[in-house]
Amino acid sequence: MSEPSNPARTAVVLGGSHAGMLAARALTGLAGLADRVVVVERDVLPDGPAPRKGLPQARHAHMLWSGGVRAVTDLLPGITEALHGAGARRTPVTTDMVALGIRGWFRRWPESHHVLLAGRDLLDATIRAQVLADPRVELLTGTEVLGLVSDMAVRAGAVTGVRVRSRDGGEVRVVEADLVVDATGRGSRAGQWLAESGWGAVERREVDSGLAYASRLYLAPEQARSGYPIVNVQPDLRDGGPGRAGFLLPIEDGRWIVTLNGTRGGEPSPANDDFVRFAREELRHPVIGELLEQAEPLSDVSYTRATVNRRHFYERMPAWPENFVVLGDALAAFNPLYGHGLAVAAQSAVLLRDVVRRHGWGTPGLTRRVQKALARPVGTAWDLAVGQDVFYPDATAKGPTLRDRLVAAYVSRLMHTATGNGRIARRVTDVTSLERGPEVLLSPSVLVAAAMGPWKPALTGPPLTSDELKRAGLR
């Protein structure tokens, strides 16, 4: 008599955005962990790169650091070629970055890492098309998730599915699952669901710099529509006032997406006619405003205040249900100024796949292991964001801790050194690219270099080449 076959494994992924699609791919793909993945999405998703109501942050600038690019490519071989073919740009770091840091202008050193630049709609649509090409992945759109279904008595607290209802008011029904992944973003109700099911309250921390974001699309001057560098003006936290910053990212179709931001008391205006003025007069250097004066606006200003750093420490809960995972912004949402959300979501999807494959589907304690593994990439990005935002007035109830102050002092010294030391600049981008952990910044050689300071003199202005100035109409 033949052995009975294993029952079909079904996973449900809540949320069909970047994190959700990559989680669905992690559970199917080459690993083949699930026989069926149902992606439950509240919105009706567009067929191509187009806006959708449930993703207002898509109107702002995004970048995918190389640590995230590697993770996405691991899950979807060939995806970078597809993105490049659609117009996404691979930009070397720090070669094609013109950046004013807290301690001065960074030099443009030979490539250490890279970022992938594209409009969020293009990035999502390209990844979504490849994920949904797998017949094992089903998309359930226009559907609201009402809560988890669990069986505390029979399966020791295992989650066995979700309750859903179509957004047009249809009947409530249950989608059964052997694994549920919450990738619903900042609006996740996982903490509420767990508390209502008797699992207790999750520890949560918020750091709110009060940052407001204003973004606008521009058509670059004709000669600057390809091969133009990123331009970034960062705040100086040492002056004690509001932090004002801006960055210009060259994306597909010869366009620039420009995001300006400011913390409490220094916020940009949502008015179209104030956008260039803010860039010229309120940032520490007027270079972004000068560039925009030569470009053609293509959109109105998009505005948001949804920039709070918020982390749920699910890995610290004394008990955790079987068959339930939280990742992406539902687990930890970062101030988008630092550009790490997309990369952390991709790395988390890879970890989901690897932990399930290593320990085996349905192994007791599996999803608790996953949740603890996800704390690693989340923790690095969290420290990078919170380590700066905590110093703004009213960002937290108690203000920065002694540890925060010591770390900030060292990072400030390190950034000063990086302006004139290529080796230290590379170590810094090892971490900001999410390719290595922050421990590389504590090696003896880096500590000595930080103490000695930069070995090249400070730059007096943005390191744009004569050709770049000419192509942008500034010379």
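Just after α11, Leu434 takes a positive phi of about 60°, where helices (H or I, at least four residues) and strands (E, at least two) are DSSP runs numbered from the N terminus. The exercises below concern a predicted model, in which local features need pLDDT of at least 70, side-chain atom pairs count only at pLDDT 80 or more, and totals for chains, interfaces and linings use all residues. Residues are numbered from 1 along each chain as its sequence is written, and side-chain values use heavy atoms, with hydrogens and water left out.

**Exercise 1. Determine how many residues of helix α11 are buried, and what covers them.**

Step 1. Take buried to mean under 20% relative accessible area, exposed over 50%, and partly exposed in between, with a 1.4 Å probe and protein chains only.

Step 2. By that criterion 9 of the 11 residues of α11 (residues 422-432) are buried, so the helix is largely enclosed by the rest of the structure. Among them are Gly422, Ile424, Ala425 and Arg427.

Step 3. With contact taken as heavy atoms within 4.5 Å, the elements covering these buried residues include the strands β3 (63-65), β4 (89-93) and β7 (113-117), as well as the helices α9 (366-389), α10 (402-418) and α12 (444-452).

Step 4. At the start of α11, a side-chain oxygen of Asn421 reaches to within 3.0 Å of the backbone nitrogen of Arg423.

**Exercise 2. Describe how α11 packs against α12.**

Step 1. Axes are lines fitted to C-alpha atoms, for helices over the stretch in contact, and angles run from 0 to 180 degrees between N-to-C directions. On this basis α11 and α12 pack at an angle of about 120°, with their axes 11 Å apart.

Step 2. That angle makes α11 oblique to α12, because angles under 35 degrees count as roughly parallel, over 145 as roughly antiparallel, 65 to 115 as roughly perpendicular and the rest as oblique.

Step 3. The crossing of α11 and α12 is left-handed, a term used if the near helix is turned anticlockwise from the far one by less than a right angle, whereas clockwise would be right-handed. The contact is made by Arg423, Ile424 and Arg427 from α11, together with Ser445, Val446 and Ala449 from α12.

**Exercise 3. Work out the strand order of the open sheet of 5 strands and identify the strands at its edges.**

Step 1. Two strands pair if DSSP finds at least two bridges between them. The order is β8-β2-β1-β12-β21, with parallel pairing.

Step 2. At the edges stand β8 and β21 (324-326), each with a single partner strand, so one side of each is left without a neighbour in the sheet. Neighbouring strands of this sheet are turned by 20° against each other on average, direction ignored.

Step 3. Within the sheet, β1 (residues 10-14) pairs with β2 (residues 36-40) in the parallel sense over 5 bridges, and Leu14 has Val40 in β2 as its bridge partner.

**Exercise 4. List strands that pair with β14, with a bridge partner for each.**

Step 1. Strand β14 (residues 212-219) is mostly covered, since 7 of its 8 residues are buried.

Step 2. It is joined by 8 bridges to β17 (residues 255-262), and the two run antiparallel; here Leu217 stands opposite Ile257.

Step 3. A further 3 bridges join β14 to β19 (residues 302-304), again antiparallel, with Tyr213 opposite Thr304.

Step 4. Finally, β14 and β18 (residues 296-297) pair in the antiparallel sense over 2 bridges, and Pro297 is the bridge partner of Tyr218.

Key:
A polar contact is a pair of N or O atoms within 3.5 Å; within protein, one must be able to donate a hydrogen and the other to accept it, and residues adjacent in sequence count only if both atoms are side-chain atoms.
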